[in-house]
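Welcome! Have the sequence and the 3D view open as you read.

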Amino acid sequence: MTESGHGSKRRFERTDRQSNTQSILDLLRANGPLTQADISRATSLSRATVNNIVQALRDQGTVEYEWKNRREALVGLSSARGAIISIMVHDMAVQACLFDFAQQTRLDLSSGDLVGISAPESSPAVVLALARRLIDGGAGRGVSVAGVAIAIEGPIEKSTGAIARWAWQRLPHWKGLNLREYFMRHLRLPVLVENDANLAAFAEWTWGVGRRCNHFVHITCGEGIGGGIILNGEIYQGGSGLAGEIGHMVIEEQGTLCFCGSRGCLSGFATERAILAALRDSEKSRNSLSEVVDSARHGDAACQRVLFEAGVHLGKALATVVRVMGPDIIAVGGTLATAGDIMFDGLRSCAEIINLRAIAKSPEFLAAGLIEDAPVLGGIAAMLSKLDLGSNVVEPWMRMPSPGIDQSAI
Ligand SMILES: [Zn+2]
């Protein structure tokens, strides 16, 4: 065998080991801590190979052991260290949160807290200002920021990295900007930018009711309707980046005209605005969806009825989702999900959902577990995954901004 022959063989072996290492990391990310025996079974790698790779990953600090007993340890991704910033961009405001894993505290700051900034409340300049304040705040506490995740209440086109043209009217200060490139250039840190519904789905898949499920759909129903699809542990963006826009699925050809230009979109039936409009006819108007949910819980028949009907419409759209992609679990989040059985009874009784049982095993329809903060937590989950770090559960401190933090000191 020639020298070059040896060289190419060694190169091949290296590549092989890299791909085995990647398989193990992917498995741990999707399943949480496992024994080496479990890893060996799931990856079809020999126990010796698994042991070898796990030792190397442990030496470099990527994985850690959690001892089950004296003989057997669970191998898991190393706990998050340092801090991560997660930012939620709404059309009228921005919320930024620093998650300090070292000191287990969460600091929140919003566009309303900024003084002396002349930029509009939802703009790239405001996101930069908030991120910089939190980075400085972290440095003041002796912790450095490992990455910044940004969730945007709008669809992001894969080809341009910018917000899709049809959402420019709602987010005028964001149009045409390649978001990830822009923030990486200015912050000089790892940055990920995603649609908020996709990140909410990722949070629910990582820590909520979608955990360890290979084909997961999450839909958020509140002011708007957003859908996120997680396939084999990854956010499914589709070729365009616009996958999962379930809110604009047409369910009634003669329905109301939607801002997207279609008629009869699901958004016209199951959003806060649509539900409040339906109640207006009963002369029992309410000001918000959470008020409607509250009244329904206290026995108001009209409020119960509109929530039930919103569930029926949701069922109609979701039955088509099931036919197209056959997910294992569909979770519903957002304020509408807080109605619980009042809405889910409507969803499950919808004719199209009942009919699914005739063709195949129906997926489970569940209320999401991380309703508040799901996009912000999803940003953390996605950044941990990008950095090959882990966190097995959402700790209580992650859901609670620290009280008594002097924001002027941040
Ligand atoms: Zn529409």
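In helix H3, the residues Val50, Ile53, Val54 and Leu57 are buried, meaning that 20 or more other C-beta atoms, placed from the backbone, lie within 10 Å of their own. Seen down the axis of H3, these buried residues fall within an arc of 100 degrees, so they line one face of the helix; the arc is that of the directions from the helix axis to the C-beta atoms. This is a predicted model: local features need pLDDT of at least 70, side-chain atom pairs count only at pLDDT 80 or more, and totals for chains, interfaces and linings use all residues. Residues are numbered from 1 along each chain as its sequence is written.

**More on helix H3**
- Helices (H or I, at least four residues) and strands (E, at least two) are DSSP runs, numbered from the N terminus.
- An α-helix has 3.6 residues a turn, so residues three or four places apart point the same way.
- With 13 residues, H3 reaches 18 Å from its first C-alpha to its last, close to the expected 18 Å (1.5 Å times one less than its number of residues).
- After H3 comes Gly61, with a positive phi near 85 degrees.

**Positive phi outside glycine**
- Ser44 lies in the loop between helix H2 (36-43) and helix H3 (47-59), and its phi is positive, near 60 degrees.
- Ser44 counts as exposed because it has 8 C-beta neighbours inside 10 Å.
- Gln104, in the loop between strand E5 (94-100) and strand E6 (105-110), has a positive phi of about 50 degrees.
- Gln104 is exposed, with 12 other C-beta atoms within 10 Å.
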